[in-house]
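Thanks for making the time this morning.

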Amino acid sequence: MRIDGSSYGCVVIGAGVAGLTAAGALRDGGIPVVLLDKGRAAGGRLATRRVEGAVFDHGAQFFTARDAGFARTAAAWRAAGVARPWFDDALCATAGMSSIARHLAAGLDVGLATTVTAVARGPRGYVVTADDGRRWEAAAVVLTAPVPQSLALLDAGGVALDDAVRARLAAVTYERCLAGLFEAPWPAALPAHGVARVDGDTLSWLASNRVKGLCAVDAVTAHARADWSLARWSHDDAAVLAALAAEVARYTGGAPRPVALKRWRYAKPTRCLDGPVVVRDGGATLVFAGDALHRDGGRVEGAARSGLAAAAALS
Ligand SMILES: Cc1cc2nc3c(=O)[nH]c(=O)nc-3n(C[C@H](O)[C@H](O)[C@H](O)COP(=O)(O)OP(=O)(O)OC[C@H]3O[C@@H](n4cnc5c(N)ncnc54)[C@H](O)[C@@H]3O)c2cc1C
């Protein structure tokens with residue numbers, strides 16, 4: 001029950017692909033559900049940035065559909081015009097990766113720009129508090145933020161986990177990614193699908209969002225390697241962009257024009273668990289889900305499947 005009156009069976013924290021998938025499955029199963037996300041848009045790491053005429057996918061670049069069940073989901077996204085094949089077995093969104101999140105959010109009760117600050121035990125389950133003081137109560141909470149952030153919410157609410165459960169969750173680790181967004185030409189010599197094979201010690205990924213079909217502007221996304229990102233995390237944006245631009249220029253030529261830098265502190269899990277962690281306490285249930293709680297971690301596909309598994313644990 002929301003403390004201001006509306007009833008929910010479940011609060012889902014995080015409207016990335018895991019949370020959206022969990023919430024959709026719970027709703028389809030007849031469980032009243034609300035999603036809360038601190039972002040101004042749904043999607044989390046399914047993120048698309050628009051700057052004037054340029055459009056950048058700056059988080060997840062593509063997704064795969066290797067699992068038979070998720071392949072049916074991907075086929076439905078394609079049938080709805082939301083996704084299309086890109087290269088090899090990679091699919092992408094037709095209007096930027098965040099449009100998949102918008103598609104999944106349709107018809108769901110999603111509270112955006114809502115930063116959850118604590119999850120506490122309440123008389124009817126858990127009480128979820130946001131930074132503006134609003135509170136929701138539900139018998140179940142699905143936590144899909146990166147695991148350290150989810151644990152911090154429970155700490156803030158005074159929820160103590162069993163030592164063994166906490167130790168399993170605390171073992172989850174993530175790598176960082178500095179993502180540089182540039183305007184830079186995509187020379188004809190680079191692959192026609194818009195993804196360049198990059199090696200060396202700086203970049204892990206270089207792609208043209210124009211060639212991908214997102215915009216008419218030469219918008220290039222450059223992801224730095226995890227070790228490079230960690231070493232420069234404290235450097236200011238201009239210094240990071242200058243260093244990335246020098247590297248991008250090796251492929252695109254000219255002087256790439258820096259547009260923005262995005263810092264992904266929890267870019268991809270490096271140590272995952274193989275399924276959701278479910279904590280039952282009387283009639284109240286907590287479920288940890290998200291891309292780090294799936295054996296196929298660090299991928300859109302794994303995150304979506306984690307969301308489904310979380311919903312199944314509550315059915
Ligand atoms: C740079 C980069 C490149 C990637 N490339 C690929 C790729 O090409 N292919 C692929 O398959 N995967 C890729 N991934 C991984 C993929 O994006 C993730 O596995 C997937 O999107 C994770 O989804 P999720 O729902 O588990 O988490 P998230 O998308 O991180 O969702 C968690 C949500 O929780 C919200 N949240 C956190 N704390 C709070 C709070 N206190 N209150 C409210 N809301 C909160 C966040 O705002 C966020 O929206 C990439 C990731 C990055 C960062």
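This is a predicted model: local features need pLDDT of at least 70, side-chain atom pairs count only at pLDDT 80 or more; totals for chains, interfaces and linings use all residues.

The chain is divided into domain 1, which covers 10-48, 61-172 and 272-313, and domain 2, which covers 175-269. Taken over C-alpha atoms, the centres of domain 1 and domain 2 are separated by 28 Å. Where the two meet, 12 residues of domain 1 are in contact with nine residues of domain 2, and the side of domain 1 that touches domain 2 is made up, by class, of seven nonpolar, four polar and one charged residues.

Let me turn to the interior. As a general point, nonpolar side chains in soluble globular proteins tend to be buried together. Here the largest nonpolar core has 69 residues, and those with the most contacts inside it are Cys 10, Val 11, Ile 13, Val 128, Val 141 and Val 142. The element that gives the most to this core is α8, with seven residues. If we take Val 141 and leave out residues up to four places away in sequence, we find that Val 141 touches Cys 10, Val 11, Ile 13, Val 119, Tyr 126, Val 128 and Leu 286. Apart from this core lies another, of 30 residues, which includes Ala 54, Phe 182, Trp 186 and Leu 244.

Since α8 came up, how much of it is buried or exposed? The helix is mostly covered, with 12 of its 14 residues buried, and these include Val 300, Glu 301, Arg 305 and Leu 308. Among the elements that cover the buried residues of α8 are α1, α2 (68-79), β11 (140-143) and β18 (284-288). As a check on its geometry, the 14 residues of α8, at 1.5 Å a residue, should span 20 Å, and because its end C-alpha atoms are 20 Å apart, the two values agree.

Finally, the ligand. Of the 37 residues around the ligand, those that come nearest are Gly 14, Gly 16, Gly 44, Ala 60 and Ala 145. Two or more residues of this shell are given by each of α1 (17-28), β12 (173-183), β16 (257-271) and α8 (300-313). By class, the shell has 17 nonpolar, 13 polar and seven charged residues, and at least three of its residues are drawn from each of domain 1 and domain 2.

Definitions and conventions: Residues are numbered from 1 along each chain as its sequence is written. A residue is near a molecule or strand if its C-beta atom, placed from the backbone, lies within 6 Å of it. Helices (H or I, at least four residues) and strands (E, at least two) are DSSP runs, numbered from the N terminus. Ala, Val, Leu, Ile, Met, Phe, Trp, Tyr, Cys and Pro count as nonpolar, Asp, Glu, Lys and Arg as charged, and the others, Gly among them, as polar. Domain bounds come from an automatic or database domain assignment. A nonpolar core is a set of buried Ala, Val, Leu, Ile, Met, Phe, Trp, Tyr and Cys residues joined through C-beta atoms within 7 Å. A residue is buried if 20 or more other C-beta atoms lie within 10 Å of its own, exposed if 12 or fewer, and partly exposed in between; C-beta atoms are placed from the backbone. Two residues are in contact if their C-beta atoms, placed from the backbone, lie within 7 Å. The expected span of a helix is 1.5 Å times one less than its number of residues.
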